[in-house]
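Please examine the sequence and the model shown here with attention to ring geometry and helix packing.

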Amino acid sequence: MSSLASSGQQQGCALGREHPPVPWPQALARAVRRPEVLCEALGLSVEQMPQGLAPPGKFSLFVPWEYVRRMQPGRWNDPLLVQVWPAAAEAQSPPGFVPDPVGDLASVQAPGLLHKYRGRALMILSPRCAVHCRYCFRRVFPYEQMPRSLGEFEPALAHLAKDPQVEEVIWSGGDPLVRPDEFLAQMVRRLEQIPHLRRLRIHTRVPVVIPQRVCSEMLTWMQSTRLKLIVVLHVNHPQELDESLALACRRLRSTGALLFNQAVLLRGVNDRLEVLEQLCLGLVDQGVVPYYLHQLDRVEGAAHFEVPVEQGRWLIRQLRARLPGYAVPRYVQEQPGQEFKLPLDEVL
Ligand SMILES: *Cc1c(COP(=O)(O)O)cnc(C)c1O
Ligand code: SF4
């Protein structure tokens, strides 16, 4: 694979125009894991990357070709590349950047179940993701201790069944949509048997990085559940919005699901007004409501992505002055021990 174009031919074109996309498990299996391969595809060289390269560690480079193809060749500061490139700065950990910045480990109620906020509980359905986002607060989460099989989730299901206040289950991870549809369909059926559950929310970046994951098998279980379905995508930059993602959104909407987006405010990626404006309006064009803009969680290794809260507030204020109200996300920060994600933009 010497160039982006030839790798596109070998892998099948993700955009679904010239070639049908490869089945999603293959897309995962073929994802780029080596910095040299990524650089070569983009016409860059590892040695000349100004941000350097972190020593190999547990959270290594991992990015599907479907996402790589949306990067601009020859641009070391491409906003999509920056999100997945293990920069040398990851080795620095300034004070205040910790392994579990949001206190998740304190809210584990049963294996794989986090119950932090009233009425909604979060299931860690998968230890894996379809992409490794360098700023992720889960980069150091102890996933090995999480359940895998349906049987191992029984204590979590029992906890949900005995608490009538819980009306909404959130599937998260890792990314829940890297699990096979057979497993997900079985899990939905188990949840439907719990009478007080009304909603199923899925937090996922998979339709963004491997859009063909939104396949007919997935639509089948989504269409047939009695639970109100809510899908929260994770798009950070307008360059991530392409035809293949638009198709995935149309398919998701066809199930009757509500579609939202959460983004993380990231230095060098989306910390400019024009970028955020295009992102929000581009999402609305796809029937996706911008829900949250997250202040970065202060996780070890991600300090170089932090944007000052004052700048975030300024950006949101400018967005409010330009966009319809529904297109402006809530600017929030998760803080341990709070009853909700704290709004940062209420006093402007
Ligand atoms: C973010 C989160 C939720 C959902 O919060 P909303 O404000 O409803 O989006 C639920 N549980 C946990 C553990 C969370 O981190
Ligand atoms: S949990 Fe989401 S943000 Fe974190 S690495 Fe996985 S896909 Fe990326």
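This is a predicted model: local features need pLDDT of at least 70, side-chain atom pairs count only at pLDDT 80 or more; totals for chains, interfaces and linings use all residues.

Residues are numbered from 1 along each chain as its sequence is written, chains are lettered from A and ligands numbered from 1 in the order in which they are written, and side-chain values use heavy atoms, with hydrogens and water left out.

**Aromatic pairs**

Rings of Phe, Tyr and Trp (its six-membered ring) pair if their centres lie within 6.5 Å, and planes under 30 degrees apart count as stacked, over 60 as edge-to-face and the rest as tilted.

| Pair | Centre to centre | Angle between planes | Class |
|---|---|---|---|
| Phe-153 and Phe-183 | 6.4 Å | 50 degrees | tilted |
| Tyr-291 and Tyr-292 | 4.0 Å | 25 degrees | stacked |

Phe-153, in the loop between β3 (120-124) and α6 (154-161), and Phe-183, in helix α7 (residues 181-192), are 30 residues apart, and their pair links distant parts of the chain; helices (H or I, at least four residues) and strands (E, at least two) are DSSP runs, numbered from the N terminus. Phe-153 is buried, at a relative accessible area of 0%, and Phe-183 is also buried, at 8%, where buried means under 20% relative accessible area, exposed over 50% and partly exposed in between (1.4 Å probe, protein chains only).

**Charge over a ring**

The charged end of Arg-179 sits over the ring of Phe-183, 3.8 Å from its centre, the criterion being NZ of Lys or CZ of Arg within 6 Å of the ring centre and within 35 degrees of the ring normal.

**Contact of α7 with α9**

The axes of α7 and helix α9 (residues 216-224) come within 9 Å and cross at roughly 5 degrees. Axes are lines fitted to C-alpha atoms, for helices over the stretch in contact, with angles from 0 to 180 degrees between N-to-C directions. The two helices are therefore roughly parallel, since angles under 35 degrees count as roughly parallel, over 145 as roughly antiparallel, 65 to 115 as roughly perpendicular and the rest as oblique.

**Phe-141**

Phe-141 lies in the loop between β3 and α6 and is buried, at 6% relative accessibility. Phe-141 and Asp-104 are 37 residues apart in sequence and 8.9 Å apart in space, C-alpha to C-alpha.
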